[in-house]
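Here is a friendly walk through some helix packing and a pocket. Please keep the structure open beside you as you read.

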Amino acid sequence: MKQLVLDIRPDAPPTLDNFVAGTNAELLATLSLLASSASARQLPARHVYVWGAPGSGRSHLLRATLAQAQASGRPTHGFGAADIAAVLPETPDAVLAIDDVDQLSAPAQVALFNAFNRSRSNGQTLLLAGPSAPLGLALREDLRTRIGQALIYEVQALDDDARAAILLTLAARRGLRLADEVVEFLLRHGRRELSSLLAVLDALDTASLERKRPITLPLLREMMQQGLEI
């Protein structure tokens with residue numbers, strides 16, 4: 001659980017270090033290798049496809065990998081599906097990241113297919129993300145086949161024990177005592193994405209300071225009555 005000591009804040013820039021790994025250690029290691037031109041050659045495939053449910057952190061991983069690639073000197077380009085028309089950059093040795101590939105328009109699908117074809121000659125690495133395994137993507141068949149030939153990783157969700165440990169650790173670092181019943185309530189009734197849980201922790205921290213009250217279930221219920229969404 002070494003990841004729990006890291007500085008995880010809702011407004012922190014996404015990095016591979018502040019992504020709570022859980023059972024995703026191999027995926028993080030692969031993305032770290034991909035970020036460097038030299039180490040990317042150690043990978044068994046040039047390209048990587050990451051998939052997972054909304055809130056699993058796949059967008060965080062794309063942005064974090066682009067940031068690490070930039071720091072290592074690689075050119076980078078990052079796009080959401082809606083940002084792509086009929087052409088993608090041909091920058092040599094670049095990491096080209098595209099999120100939500102399931103939402104690519106017909107011209108954008110052609111552009112991505114062409115980027116796959118050019119990648120061997122221009123040295124680009126494609127880092128793609130979507131909500132399902134390649135077989136579940138509603139894309140043209142030749143593009144889906146190319147994606148299926150990449151290294152494929154499903155982002156594994158954190159379990160409740162890991163979520164609880166993260167909340168308690170971060171609360172302790174702020175000098176807060178987070179009652180067990182508060183954590184149990186949040187995990188049972190709240191949104192389970194880590195970003196949402198951390199936003200609630202921020203709100204509880206602020207309310208505790210303003211009202212000079214400990215963070216307890218009655219305080220949480222009171223805040224919910226006043227409009228706090230968990």
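This is a predicted model: local features need pLDDT of at least 70, side-chain atom pairs count only at pLDDT 80 or more; totals for chains, interfaces and linings use all residues.

| Helix pair | Residues | Axes come within | Crossing angle |
|---|---|---|---|
| α1 and α3 | 25-34 and 58-71 | 9 Å | roughly 35° |
| α4 and α5 | 106-122 and 141-148 | 10 Å | roughly 45° |

Let's begin with α1 and α3, whose crossing is right-handed. On the α1 side, the contact is made by Leu27, Leu28, Leu31, Ser32 and Leu34, and α3 contributes Leu61, Thr65 and Gln68. Sorted by class, this contact has 5 nonpolar and 3 polar residues, with no charged ones.

Now for α4 and α5. With their axes crossing at roughly 45°, these helices are therefore oblique to each other. The crossing of α4 and α5 is left-handed. Here Gln109, Leu112, Phe113, Phe116 and Asn117 of α4 meet Asp142, Leu143, Arg146 and Ile147 of α5. That contact has 5 nonpolar, 2 polar and 2 charged residues.

Some of these residues turn up again in the second largest pocket, which holds about 220 Å³ of space. Phe116, Asn117 and Arg146 are part of its lining, together with Ala45, Arg46, His47, Ser119, Arg120, Gln149 and Ala150. Which helix gives the largest share of the lining? That is α4, with 4 residues. By class, the lining of this pocket divides into 3 nonpolar, 4 polar and 3 charged residues.

Technical notes. Residues are numbered from 1 along each chain as its sequence is written. Side-chain values use heavy atoms; hydrogens and water are left out. Axes are lines fitted to C-alpha atoms, for helices over the stretch in contact, and angles run from 0 to 180 degrees between N-to-C directions. Helices (H or I, at least four residues) and strands (E, at least two) are DSSP runs, numbered from the N terminus. Angles under 35 degrees count as roughly parallel, over 145 as roughly antiparallel, 65 to 115 as roughly perpendicular and the rest as oblique. A crossing is left-handed if the near helix is turned anticlockwise from the far one by less than a right angle, and right-handed if clockwise. Contact means heavy atoms within 4.5 Å. Ala, Val, Leu, Ile, Met, Phe, Trp, Tyr, Cys and Pro count as nonpolar, Asp, Glu, Lys and Arg as charged, and the others, Gly among them, as polar. On a 1 Å grid over the protein atoms alone, a cavity is a set of points where a 1.4 Å probe fits but cannot get out, and a pocket is an open set with protein on both sides within 12 Å along at least five of seven lines; lining residues have an atom within 4 Å of a point. Grid points are joined across faces, edges and corners, and a volume is the space filled by probe spheres set on the points.
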